[in-house]
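Work through the exercises below with the model open. Try each task before you read its solution.

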Amino acid sequence: MTVKENFWEFAKKTLVLAAGLGLITGLVEGVLFLSLHRTGLLTWRLQNRAIWYETLWIAPLVDLVLFSLAGGFFALTGWLLPRLPVRKVAWFTFIFLAVFDWVFIILFGKISLFAILILAAGVSFQVFTTIVKRESAASSKIQRSFPWLAGATVALFVVIQGGGWLNERIKTSNLPQAGTEAPNVIVIVVDTLRADHLSSYGYERDTSPFMDSLAVQGVIFENAIAPSSWTQPTHASLLTGRYTYEHQAENTPLDDTYPTIGEIMQANGYRTGAFSANTLFFTRRQGHGRGFLHFEDNYQSVPDAFFNSSLYGFLFDFYGLRKALNYEGVPTRVLASDINDAVLNWVDRDDEKPFLVFMNYFDVHDPYTPPEPYRSKYASVPNPGGLINGFMERYSPSLTPEQIQTEIDAYDGSIAYVDDQIKVLFSELGGRGLLENTIVIVTSDHGESFGEHGILQHSASLYLDEIHVPLIVWAPGQVPAGKTVETPVTITALPSTILSLVEATDDPFPGPSLAVLFSGEAPADWPDPISELAQMNGAAEVNPSTHGAMKSVVGVEMQYITHEKFGEELYNWRTDPKETNNLVDEPSARTALNGFRLYLKTLFGEIFQIP
């Protein structure tokens, strides 16, 4: 046999070995990820990765590529340096990569990375010394198994992806007949958008001209309050019409206790689709998929699949990009333009049935790094934004006022970008003739703090910076144009509001529908909106939520906050919008204080030992 023939034979065996062990590693990785995720045994950082049924085929595919690249390197090394024991080095490397993968998934967060490396190396060496004694037989088994391993991966892909597509087609075809004039409904959640940074809510910068125009043509709620100050519980409330104390989906996924707006809209003949750019907390694995025939959260791009759904993608992201390279962005960030494309592609599939679209834009969330020219739109320094970055745990309440201002500049640029993308979406819908019979609701899941009360970001407190959100209802001919509602309302009421706007006959949600306020003043028994926040372990020490749970009530002029450790606060948000003057000890505020105490006692009893 010639040297060339020897090389090709060596290269073939090495590549088959690499591919086979890559598939084995990935298949086991997928099973480990999914099983440990479903049982809640993963550490927080892995638990909140994009782990779902798609992981079962993505993990082996990613590991197949990575191991094959390594196999190509060893094949080339064997050709250039034939006297080196390349084959044995390759065996040990592949075994180590497999063992490290599995051990890391099981033990990450429980022992140090160094300990995981030592343990994986020791186990790998023991396996290697056993295999190397019968290397030929082991190689032969892997070569014979390769078609079966590849077939299993392909089968998983077909079943998972094809099954989802088939399920949607079947359920869509079985929907009941909707009314002939049933309007379409689009709910746009602009993640992390605080109300007072929109021009229509009095902001000095013209950040939102298109959303402002929607407010002029529809109804704007000046004092809409989110039920929490972070994504997971608020989205659960937006879907179920229930407060957090009812649905309990704050530190656990949403269960099936309460019906969702998607389920009820399906019962009324609607196609239902959800499109999420927040691929951490508005996802199927967080329980939000119930009621949606189509849900796009993760796995929509190669980077997303690699970084979010494979172990080595996570390692490259967490230890490489963030810790070593200090990368400021989000490599898997889904832009508003991507969400628009996904929504329009889905809408175009069926022009016979009305639809409910529930979409989440993530561009306003930290790190604030919108595409140019928006990032620099309001900036006085190059490349503003990126300092406040929860993905890198790099945020710091000790930022200077000048640094915080540059973050605000980039945040406002993000709002301007999203505003333009909503305008693009409307233009596309108008070109399809869909705007004439479509209801659009624009809101947010929570706000954002920029140094108020010494706090940055969200899920830190229940001050208005974090729970006062925009709410605009646009439906020409169905809602009064130019209507402003001053009454404080909860966005938890959206499901009932949607059903009243589409004139559904059955409403299982507690409500009340916000449509009641379209044509008149609030009834005397109109409920004050409440907000809740559980203790958030591991966050910044300055955050009140780090030290205990909180609850809030927003009345017509006062906000009451109670903390299980720090006690009570009371602010007149109308005269003191920045909430700097705590009135809890003021005799003149005693009546309001006692009223709020009684209101929360009615709901929660003595959970915080309210006086």
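**Exercise 1. Is Glu54 buried or exposed, and which residue does Glu54 pair with in a salt bridge?**

Solution. 
- Step 1. This is a predicted model. Glu54 has a relative accessible area of 8%. Buried means under 20%, so Glu54 is buried.
- Step 2. Glu54 forms a salt bridge with Arg284. The closest N and O atoms are 3.1 Å apart.
- Step 3. Glu54 sits in the loop between α2 (44–47) and α3, and Arg284 in the loop between β4 (271–276) and β5 (294–296). The pair therefore ties together parts that are 230 residues apart in sequence.

**Exercise 2. Arg284 also meets Asp297 in a salt bridge. Where does Asp297 lie?**

Solution. 
- Step 1. The N to O distance between the side chains of Arg284 and Asp297 is 2.9 Å.
- Step 2. Asp297 is in the loop between β5 and α11 (302–309), 13 residues from Arg284.
- Step 3. Check the burial. Asp297 has 4% relative accessibility, so Asp297 counts as buried.

**Exercise 3. How many salt bridges does the structure hold? Describe the one between Asp412 and Arg205.**

Solution. 
- Step 1. The structure holds 16 salt bridges.
- Step 2. In the bridge between Asp412 and Arg205, the closest N and O atoms are 2.7 Å apart.
- Step 3. Asp412 lies in helix α14 and Arg205 in the loop between β1 and α7, so this pair ties together parts that are 207 residues apart in sequence.
- Step 4. Asp412 and Arg205 are both buried.

**Exercise 4. Which residues have the most contacts inside the largest nonpolar core, and which element gives the largest share of this core?**

Solution. 
- Step 1. In soluble globular proteins, nonpolar side chains tend to be buried together.
- Step 2. The largest nonpolar core here has 53 residues. Ile188, Val190, Val357, Met359, Tyr361 and Ile422 have the most contacts inside it.
- Step 3. Several elements give two or more residues to this core, among them β1 (184–190), β6 (355–361), α14 (401–431) and β7 (438–443).
- Step 4. The largest share, twelve residues, comes from α14.

**Exercise 5. Is Leu84 buried, partly exposed or exposed? Which surface patch includes Leu84?**

Solution. 
- Step 1. Leu84 has 47% relative accessibility, so Leu84 counts as partly exposed.
- Step 2. Leu84 is in the loop between α3 (55–80) and α4 (86–107).
- Step 3. Leu76, Trp79, Leu80, Leu81 and Leu84 make a nonpolar surface patch of about 520 Å².
- Step 4. Now look at charge. Lys133, Arg134, Lys141 and Arg144 form a positive surface patch. Arg134 is in the loop between α5 (113–132) and α6 (135–173).

Methods: Residues numbered from 1 in each chain as written. Predicted model: local features only at pLDDT ≥ 70, side-chain atom pairs only at ≥ 80, totals over all residues. Heavy atoms only, no water. Patch = residues over 30% accessible without salt bridge, like charges linked within 9 Å, V, L, I, M, F, W, Y side chains within 5 Å. Areas by Shrake-Rupley, 256 points an atom, 1.4 Å probe, with all protein chains shown as cover. Salt bridge = Lys/Arg side-chain N within 4 Å of Asp/Glu carboxyl O. Lys, Arg positive; Asp, Glu negative; His and termini not counted. Charge placed at Lys NZ, Arg CZ, Asp CG, Glu CD. Helix = DSSP H or I, 4+ residues; strand = E, 2+ residues; numbered from the N terminus. Buried < 20%, exposed > 50% of the residue type's maximum accessible area, 1.4 Å probe, protein only. Core = buried A, V, L, I, M, F, W, Y, C linked by side-chain atoms within 4.5 Å.
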